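The exercises below go with the structure shown here, and each is followed by a solution that goes step by step. Please try each task before reading on.

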Amino acid sequence: MGLGRTAVVLGGSVAGLCAAGALAAHFDEVIVVERDELPVDAEHRRGVPQSKHPHFLLNSGRKAISSLFPGFEEDLIAAGGLHLTASLDAAYCEEAGWAPRKQSSMTMVYSSRILIERVLRDRVRRLGNVSIREGVAVEGLLTSGTRVTGVTLAGAESLAADLVVDALGRGSSVADWLVAAGSPAPPVQTLDAKVTYTSRWYDLPSPAERPESWWWQHIVVMPTQHKGEHPAEHDFLVNFFPMEGNRAIACMGSWGIEMPRTTEDFVASAERVRAPLFAAAMAACEPISDVHLTRSTGNKWRRYDQLPTAPNVVFIGDAICAFNPFYGQGMSSAALSARLLRDHLLAATALDQGFFDRFLLAQRKQLLVAWRLAMARDQGYECATGTETVAPWRRRLVAAMTWPFFNLITGAAREDPVIDEHFARVFNLDESIGDMMKSPRVLFGLLRYKINAMLGRRTLPFGFDLQQDPPGKDWTPSRSAEPQTARAAG
């Protein structure tokens with residue numbers, strides 16, 4: 001179709017499926033090679049153990065996938081995904097207590113990871129020139145000198161390819177295979193903040209059986225900012241995450257703390273979380289799974305862009321840059337890289353060295369947005385290890401500044417629609433935090449909020465008693481409302 005006869009994608013998860021969508025219009029055939037036998041329906045599989053935890057598909061990811069597969073979002077919602085406004089449909093517990101409900105510019109589609117993959121597989125299988133080879137392991141690369149010309153599969157089978165895409169995830173061996181062919185090893189940046197998270201799935205009560213106080217669909221309990229004596233569970237980031245099929249995932253995670261592994265310990269830990277609502281919600285539901293724990297959460301960036309000559313391979317998703325999953329960047333970052341690949345293929349006349357150089361340069365710029373967000377938080381933890389750790393004085397500075405800065409932005413976003421819109425764009429990887437802070441209007445809004453807060457002149461109350469149920473009132477202010485004295489609740 002213009003750029004070559006065959007493209008081979010290594011890996012059939014979200015990154016690989018998105019890559020297949022990007023390639024389909026430019027090659028006669030696209031072959032996706034996947035080690036697992038893929039389920040027909042939304043089911044867990046061995047190659048994606050993290051599917052048992054909550055997965056956020058950020059707005060940027062939704063838009064990127066929908067541009068590759070028009071109608072994807074509608075298909076996901078038709079399959080059971082929930083289109084919600086997080087600020088209105090989530091009970092959000094900050095340090096001071098429950099935040100007020102209000103409208104905001106950010107919406108999300110909630111679903112399980114396995115449903116997202118199933119909907120994506122269905123869309124890929126509709127592409128006439130794309131095939132998925134299931135239950136087949138990739139064992140190496142075919143090369144001519146250092147140039148990749150295909151892949152080798154289990155059983156001594158070879159596939160010639162005009163383009164190979166590595167979507168094999170964190171554990172990809174492609175870098176090692178390239179070194180074996182004579183290419184230099186890419187520099188690798190790492191930062192592991194020792195994040196561990198543990199999850200359990202639940203059936204929710206039917207809408208008619210739910211307590212009247214359950215206006216929420218999502219519960220978020222942020223870690224305490226208090227440094228004194230308290231249960232370890234007060235340092236947990238907690239989600240009661242809604243998904244399709246009237247189900248939810250109860251998830252607790254932490255930086256550098258041992259997490260519960262058994263159902264008994266899971267329930268006991270939940271009862272020590274700062275807000276009793278989390279354990280109460282679990283108790284009102286029916287557990288439908290064991291407890292699932294994940295430790296493989298370090299940030300890792302293989303810097304192929306820093307090699308003297310870019311490999312003639314495209315890297316998508318965790319195969320090039322894996323993030324701390326706490327920040328919900330993985331799937332969206334992979335989808336953004338796939339869309340970027342599509343755009344570069346549209347502009348290309350040949351898959352020459354210039355194509356791979358240009359793509360890696362553009363991908364680097366894109367990945368930096370999410371990478372810097374992850375570094376800004378994880379570099380503040382004493383337990384963190386890796387190449388991107390910082391000097392103790394800088395770590396202490398990062399740790400001291402993170403929460404006050406976060407509180408300032410989230411507080412101002414509650415009352416200032418311009419800051420709310422910018423913050424939503426940063427959260428969704430549509431804008432860097434640096435670009436946000438370059439806006440004179442944002443800086444003015446933050447300063448105005450800080451002064452009004454010091455004077456006790458806020459538009460919205462906040463800090464509702466976290467020992468009680470979060471209030472269901474919609475506090476959305478008029479855009480023309482002037483700040484007024486609002487006493488903190490609780």
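**Exercise 1. Describe how helix H1 packs against helix H9 in this predicted model, and say which residues make the contact.**

Solution. Begin with the axes: those of H1 (residues 14-23) and H9 (residues 330-347) come within 8 Å and cross at roughly 20°. Because angles under 35 degrees count as roughly parallel, H1 is roughly parallel to H9. The handedness comes next, and the crossing of H1 and H9 is right-handed. Turning to the side of H1, the residues in contact are Val14, Ala15, Cys18, Ala19, Ala22 and Leu23, which meet Met331, Ala334, Ala335, Ala338, Leu341, Arg342 and Leu345 in H9. Sorted by class, the residues of this contact between H1 and H9 are twelve nonpolar, no polar and one charged.

**Exercise 2. Carry out the analysis for H1 and helix H5: at what angle do they pack, and what is the handedness of their crossing?**

Solution. H1 and H5 (residues 113-125) pack at an angle of about 25°, and their axes are 10 Å apart. That angle makes H1 roughly parallel to H5, while the crossing of H1 and H5 is left-handed. In the contact, Val14, Leu17, Cys18 and Ala20 of H1 meet Arg113, Ile116, Glu117, Leu120, Arg121 and Val124 of H5. The class count for H1 with H5 is seven nonpolar, no polar and three charged residues.

**Exercise 3. Classify the crossing of helices H12 and H14, and list the residues through which they touch.**

Solution. The axes of H12 (residues 417-427) and H14 (residues 440-454) come within 9 Å and cross at roughly 120°. That makes H12 oblique to H14, and the crossing of these two helices is left-handed. The contact is formed by Val418, Ile419 and His422 from H12, together with Arg441, Val442, Gly445 and Leu446 from H14. Its residues divide into four nonpolar, two polar and one charged.

**Exercise 4. Work out the strand order of the open sheet that contains S18, and identify the helix that packs on this sheet.**

Solution. The open sheet has three strands in the order S11-S18-S20, and the pairing is antiparallel. Its edge strands are S11 (188-191) and S20 (321-322), each of which pairs on one side only. Between S18 (residues 299-302) and S20, which run antiparallel, there are two bridges, and Lys300 stands opposite Ala322 in S20. Helix H10 (residues 353-378) packs on the sheet and touches S11, S18 and S20, its direction making about 150° with that of S18.

**Exercise 5. Decide where the coordinates call for caution.**

Solution. For the protein chain, the mean pLDDT is 93, and 97% of the residues reach 70 or more. Over residues 479-490, however, pLDDT stays under 50, although the model has 24 contacts beyond four places in sequence for them. Where pLDDT is low, predicted coordinates should not be read in detail.

Key. Residues are numbered from 1 along each chain as its sequence is written. This is a predicted model: local features need pLDDT of at least 70, side-chain atom pairs count only at pLDDT 80 or more; totals for chains, interfaces and linings use all residues. Side-chain values use heavy atoms; hydrogens and water are left out. Axes are lines fitted to C-alpha atoms, for helices over the stretch in contact, and angles run from 0 to 180 degrees between N-to-C directions. Helices (H or I, at least four residues) and strands (E, at least two) are DSSP runs, numbered from the N terminus. Angles under 35 degrees count as roughly parallel, over 145 as roughly antiparallel, 65 to 115 as roughly perpendicular and the rest as oblique. A crossing is left-handed if the near helix is turned anticlockwise from the far one by less than a right angle, and right-handed if clockwise. Contact means heavy atoms within 4.5 Å. Ala, Val, Leu, Ile, Met, Phe, Trp, Tyr, Cys and Pro count as nonpolar, Asp, Glu, Lys and Arg as charged, and the others, Gly among them, as polar. Two strands pair if DSSP finds at least two bridges between them. pLDDT is the predictor's confidence in each residue, from 0 to 100.
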